[in-house]
Amino acid sequence: MWDGEAAGAALPVVLEGFGVTLLATVLGFAVAAVLGLALAVVERAGPRWVAVPLRGAAGFVRSTPLLVQLFAAWVLVPKLDALALGVLVLGVHYATYLSEVYRTGIDAVPRGQWEACTALSLPRRRVWRAVVLPQAVRNVLPPLGNYAVSLFKETPLLSVITVHEMVHEANAFGSTHFAYLESFTLAGAVFLLASWPTSLLVRRLEARLAH
């Protein structure tokens, strides 16, 4: 039976946890975006003796559950702050996916532009910075947005390493006040209200870039 009084008491707790969830999402995706781009560039343009091991390591991370990675990191680096550790694990995990997205965008740059840069004898670094990467990133903005939403929805896994994100706080409130229905319903509603508009924006961006 829904208890309005319990729901009213749970809401501030859930919203406080949402602040941590949002922070973990923003920082984790920032790490993933930068690291994923670096991986894509190295795998695409770096020496083979660096690119091949990196590709293998990225494949290993992608094929391992995020929950297992969180537990492993928590055991191996016990002194690091739980939130910082969670952000790093989220960032590294999603960087392996974003690197594939970036590589798709890089490969989509017309071959003629590469040839034109070669004909003009442009420095390799300038070719990547001024010609290739701006086009590649623009082409893959919608998939990047989708992965940001996905990362946001996976932040509850951080509760296993004691990060006080929204689901952790909802569970703590529910166990203390015997109000699991109210606390988890509110947490679910906040997830929906935050992720659904973002998904619509990503869809609109995808449609705009397709024209």
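Arginine 44 is partly exposed, with 39% relative accessible area (partly exposed falls between buried, under 20%, and exposed, over 50%, using a 1.4 Å probe and protein chains only). Its side chain meets that of aspartate 107 in a salt bridge, 3.1 Å from N to O; the term covers a side-chain nitrogen of Lys or Arg within 4 Å of a carboxyl oxygen of Asp or Glu. Aspartate 107 sits in helix α4 (residues 82-107) and arginine 44 in helix α1, so this pair ties together parts 63 residues apart in sequence. Helices here are DSSP runs of H or I, at least four residues, numbered from the N terminus.

A word on the model: it's predicted, so local features need pLDDT of at least 70 and side-chain atom pairs 80 or more, while totals for chains, interfaces and linings use all residues. Residues are numbered from 1 along each chain as its sequence is written, and side-chain values use heavy atoms, leaving out hydrogens and water.

Now look at glutamate 43, which is buried at 6% relative accessible area. Its side chain forms a salt bridge with arginine 55, 3.9 Å from N to O. Arginine 55 itself is partly exposed, at 32%.

Over in helix α4, arginine 103 and glutamate 100 are 3 residues apart, which means about one helical turn separates them. They form a salt bridge too, with the closest N and O atoms 2.9 Å apart. Arginine 103 is partly exposed at 23% relative accessibility, and glutamate 100 is partly exposed at 30%.

Zooming out, a search of the whole structure finds 5 salt bridges. Glu43, Arg55, Arg62, Glu100 and Arg103 are joined in a salt-bridge network.

Conventions
Helices (H or I, at least four residues) and strands (E, at least two) are DSSP runs, numbered from the N terminus.
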